Amino acid sequence: MTAIRDYLRQIAGYLILSVLVENLVAKKEYGPYIRLFLNLLLVLLFVSPILSISAERVGQTWLEAGAFF
């Protein structure tokens, strides 16, 4: 349950930070680049739980195979 709460906090923090950055940056000059970067961060934020689960499974299979010993 704490993992879900932490994930939701990350999303809320991202939303607050992205609105702040978009309002502080000059829209005509850097707006498209900032939005691209923020959207890439958003994709990474949504994919991070999947990556962490798959990393745990890969680590478990390496440990079971004895690759680290």
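Which residues line the largest cavity?

**View 1. Overall fold of the predicted model.** This is a predicted model, in which local features need pLDDT of at least 70, side-chain atom pairs count only at pLDDT 80 or more, and totals for chains, interfaces and linings use all residues. Residues are numbered from 1 along each chain as its sequence is written, and side-chain values use heavy atoms, without hydrogens and water. The chain contains two helices and zero strands (DSSP runs of H or I, at least four residues, and of E, at least two).

**View 2. Helix 1 and its buried residues.** Helix 1 covers residues 2-24 and spans 33 Å between its first and last C-alpha, close to the 33 Å expected at 1.5 Å a residue (1.5 Å times one less than the number of residues). Ile11, Tyr14 and Ser18 of helix 1 are buried (under 20% relative accessible area, with a 1.4 Å probe and protein chains only). Of the 69 residues in the chain, 9% are buried.

**View 3. Leucine 51 in helix 2.** Leucine 51 belongs to helix 2 (residues 27-65). Leucine 51 counts as partly exposed because its relative accessibility is 47%, between the limits of 20% and 50%.

**View 4. Lining of the largest cavity.** Glu22, Val25, Lys27, Gly31, Ile34 and Arg35 line the largest cavity (a set of points on a 1 Å grid over the protein atoms alone where a 1.4 Å probe fits but cannot get out; lining residues have an atom within 4 Å of a point). Helix 2 gives the most to this lining, with four residues. The volume of the largest cavity is about 50 Å³ (the space filled by probe spheres set on the points, which are joined across faces, edges and corners).

Conventions
On a 1 Å grid over the protein atoms alone, a cavity is a set of points where a 1.4 Å probe fits but cannot get out, and a pocket is an open set with protein on both sides within 12 Å along at least five of seven lines; lining residues have an atom within 4 Å of a point.
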